[in-house]
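Good morning, and thank you for coming.

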Amino acid sequence: MGEHTYNTDHGVFRIKKENVPACIAAVMQHVTEPDPADEYMSPLSDREKEQARLDPPDITDALGFVGLGCGESEEGDVIDIFLEEGSFPGVEYTLTKVIAPFVEPGSFLVFAYGGANGCWSVEYTQDPATGKTFGNVGDVVVVRHDDLLLILRTLKNAGLSLIYEEMRKKYGVSDAAE
């Protein structure tokens with residue numbers, strides 16, 4: 001298994017259509033004048049910068065400059081991000097700092113490097129004090145679907161219905177956990 005995300009069934013991610021232009025601008029700013037804190041990012045060459053100026057990139061092109069690809073909904077929202085090339089941690093700064101302000105809070109991405117031992121995620125949370133969204137990287141522990149259903153049923157039966165509902169919504173588990 002190569003480097004990729006599998007968000008369609010295992011994650012929820014969204015950059016609303018109206019936030020895509022600002023996200024493109026932020027990514028392009030980062031690839032032309034990278035933040036020194038991003039030790040993995042090299043600026044675009046002068047030729048690439050000129051080409052981007054003449055032919056402004058769409059979100060797919062902009063993310064491609066940092067080794068990421070994306071999926072879009074019919075409405076124009078970005079609903080998936082995956083690694084095109086390169087590897088983590090090369091994209092960590094982009095995912096957690098550059099695009100985070102444009103991502104809907106509660107979104108998350110799950111990445112896998114060759115199986116269960118190499119899973120990690122980025123979860124997007126809104127800071128209650130500032131209202132800004134930021135990304136957090138964390139490890140992912142793989143849980144079998146039948147075990148997840150057992151955990152959810154146990155939570156519900158223990159009277160922890162709020163936790164049960166949140167987890168069921170977040171992980172897209174159907175009423176099979178009933």
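Across the whole structure, a search finds four salt bridges. Please keep in mind that this is a predicted model.

Let me begin with R14 and D77, whose side chains meet in a salt bridge at 2.9 Å, N to O. This pair links distant parts of the chain: R14 lies in the loop between α1 (7-10) and α2, D77 lies in the loop between β2 and β3, and the two are 63 residues apart.

Next come R53 and E50, joined by a salt bridge of 2.6 Å, N to O. Because they stand three residues apart in helix α3, about one helical turn separates them. R53 is exposed, at 55% relative accessible area, while E50 is partly exposed, at 34%.

A further salt bridge joins D146 and R144, with their closest N and O atoms 3.0 Å apart.

On the surface, D55, D58, D61 and E72 gather in a patch of negative charge. Within it, D58 belongs to the loop between α3 (46-54) and α4 (59-64).

I turn now to the interior. Of the chain's 178 residues, 37% count as buried. In soluble globular proteins, nonpolar side chains tend to be buried together. Here the largest nonpolar core has 33 residues, of which F13, I81, L95, I99 and Y124 touch the most other members. Helix α2 gives the most to this core, with six residues.

Finally, the overall architecture: the chain has seven helices and six strands.

How values were computed: Residues numbered from 1 in each chain as written. Predicted model: local features only at pLDDT ≥ 70, side-chain atom pairs only at ≥ 80, totals over all residues. Heavy atoms only, no water. Patch = residues over 30% accessible without salt bridge, like charges linked within 9 Å, V, L, I, M, F, W, Y side chains within 5 Å. Areas by Shrake-Rupley, 256 points an atom, 1.4 Å probe, with all protein chains shown as cover. Lys, Arg positive; Asp, Glu negative; His and termini not counted. Charge placed at Lys NZ, Arg CZ, Asp CG, Glu CD. Helix = DSSP H or I, 4+ residues; strand = E, 2+ residues; numbered from the N terminus. Core = buried A, V, L, I, M, F, W, Y, C linked by side-chain atoms within 4.5 Å. Buried < 20%, exposed > 50% of the residue type's maximum accessible area, 1.4 Å probe, protein only.
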